[in-house]
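Open your viewer and get ready to select a few residues by number. We will walk through the model stop by stop.

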Amino acid sequence: MLPIAMLGGILFHNFIDSIAFIAPYLILVMLLITFCRVKPKEFKVTHLSWGLLSVQIIGSIGLYFALLPLGSEIAEGTFICVFCPTATAAPVITGMLGGSVPRLATFSIISNLAVAFLAPLLFSMMGSEAQFTFMESMQMIAVKVVPLIVLPLIMALLLMRFAPKIHQTIADHQSLSFYIWAVSLFIVVGRAVSFIMSEPAEMVPEMIILAIFSGVVCCAQFYIGRKIGRRCGDKIAGAQGLGQKNTVLAIWMALTYLHPISSVAPAAYVAWQNTINSAQLYFKTKRDSKKCS
C-alpha cells in the first residue's frame, strides 16, 4: 500500500493542493490512536533520548561545517535533513514495526522542542535570510510543531480519565493508523514532487547533488539510530527516532530561514525515508507471516 501511495502522490501531484489542508488533521488522529495505547507512566526520558538528540544537534552542526567548502546551499540542505526533528508520525511506524511507542513518543517531544528553541539561534549564526527576532522565530516554529504533538497526547489522557471505554476502543484499533498514514504519505509525496518540479531547470544539477546527499544522510541516520537503539534496548525506536524526519517542517524552515534551493534536500528526503519505511514494513510482515505458518 505504501509504494502505491507514493506512486499516487507522484502521478497526481497537481491535485494535491486541494486536499493538502487535511494533512495536519490526519497526523493528529494518527497520534491520538497511537497515544491511546501508551500509559502516562511510560513516558520517560532515557539514555536513548539523549543519544539520539546528541546526533541530531551535534551531528547536524558538524556536518554543516564539514560540507561548507562545497557550497552553502549543499551544507544547509544536508544540515536541515539531520537537524530536523523526528516526524510526528514516527511513533505510529515504530509501533507497527514492534518498537517502543512510549520511548519514541518521548523523544519526539524532546526532539521537536529542542528544534523550536535552537533553530532560531543556529539559523542566525548561518546568516539567516529571514528578518525575524529570536523570539519571533522560536514562536513561529513552536506553533508549527508543538500543537500536533501535545494536543493528541492531552486528548488521549482526557479520554483515559473521563471516557475509558472510548479510550480502550481506540487503543484496540491501532491498525487504523496505517491506513491514515498511507493517505498522509500520498499528500506529502505529492507536495514534495510539486515543490521540486517548480524549481528552475538550471538548478537541476545542484538539486541532484542535494538529493544524493539527502539519501546518504537518510540511510546513515537510520543506521546510526539503530546502533544507538540497540545499545539502549530498542533498535527500532532508535532507527525511527533518528531516521524518520518531519520533512514538511524541514522544507518550511529551509524556505523561511536558509537558501531556498536547500529545501530540495528535505523534499528528496521524503522519498528516501518512506522507501526505507515501506521496505521495513514489508519485511516485517513477511517475517510475521512465516512465523504464523
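Start by selecting Asp288, which counts as partly exposed because its relative accessibility is 30%. Keep in mind throughout that you are looking at a predicted model.

**Stop 1: a salt bridge**

Lys284 and Asp288 form a salt bridge, and their closest N and O atoms are 2.7 Å apart. Why are these two separated by about one helical turn? Both belong to helix H13, and they are four residues apart in it, so about one turn of the helix lies between them. Is Lys284 buried or exposed? Lys284 is buried, because its relative accessible area of 18% falls under the 20% limit. How many salt bridges does a search of the whole structure find? It finds one.

**Stop 2: the largest pocket**

To see the surroundings, colour helix H2 (23–35), H7, helix H9 (176–197), helix H12 (247–257) and helix H13 (264–292); each of them supplies at least two residues of the lining. Which of them gives the most? That is H9, with eight residues.

**Stop 3: Asn246**

Stay with Asn246 for a moment and zoom in. You will find Asn246 in the loop between helix H11 (235–243) and H12. Asn246 is buried, with a relative accessible area of 13%. Show its contacts next: leaving aside neighbours within four places in sequence, Asn246 is in contact with Cys84, Pro85, Thr86, Ala87, Thr88, Asn112 and Val145. Pick the C-alpha atoms of Asn246 and Thr94: they are separated by 15 Å, while the two residues are 152 residues apart along the chain.

**Stop 4**

Two of the contacts of Asn246, namely Asn112 and Val145, lead us to the next stop. Select Ile109, Asn112, Leu113, Val145, Val146, Ile149 and Val150, which line the largest cavity. The elements giving two or more residues to this lining are H6 and H7. H7 provides the largest share, four residues. What is the volume of the largest cavity? Its volume is about 30 Å³.

**Stop 4: a nonpolar patch**

Helix H6 (101–125) and helix H7 (134–162) each supply at least two residues of the patch, and H6 gives the most, with three. Click on Met125, which lies in helix H6. Met125 is exposed, because its relative accessible area of 62% is over the 50% limit.

**Stop 5: Ser214**

For the last stop, select Ser214, whose place is in helix H10 (residues 204–231). Is Ser214 buried or exposed? Ser214 counts as buried, at 1% relative accessibility. Which residues does Ser214 touch, not counting residues up to four places away in sequence? Ser214 touches Cys81, Ala265, Ala268, Tyr269 and Trp272. Show their side chains to see what lies around Ser214.

Note on methods
Residues are numbered from 1 along each chain as its sequence is written. This is a predicted model: local features need pLDDT of at least 70, side-chain atom pairs count only at pLDDT 80 or more; totals for chains, interfaces and linings use all residues. Side-chain values use heavy atoms; hydrogens and water are left out. Buried means under 20% relative accessible area, exposed over 50%, partly exposed in between (1.4 Å probe, protein chains only). Contact means heavy atoms within 4.5 Å. On a 1 Å grid over the protein atoms alone, a cavity is a set of points where a 1.4 Å probe fits but cannot get out, and a pocket is an open set with protein on both sides within 12 Å along at least five of seven lines; lining residues have an atom within 4 Å of a point. Grid points are joined across faces, edges and corners, and a volume is the space filled by probe spheres set on the points. A salt bridge is a side-chain nitrogen of Lys or Arg within 4 Å of a carboxyl oxygen of Asp or Glu.
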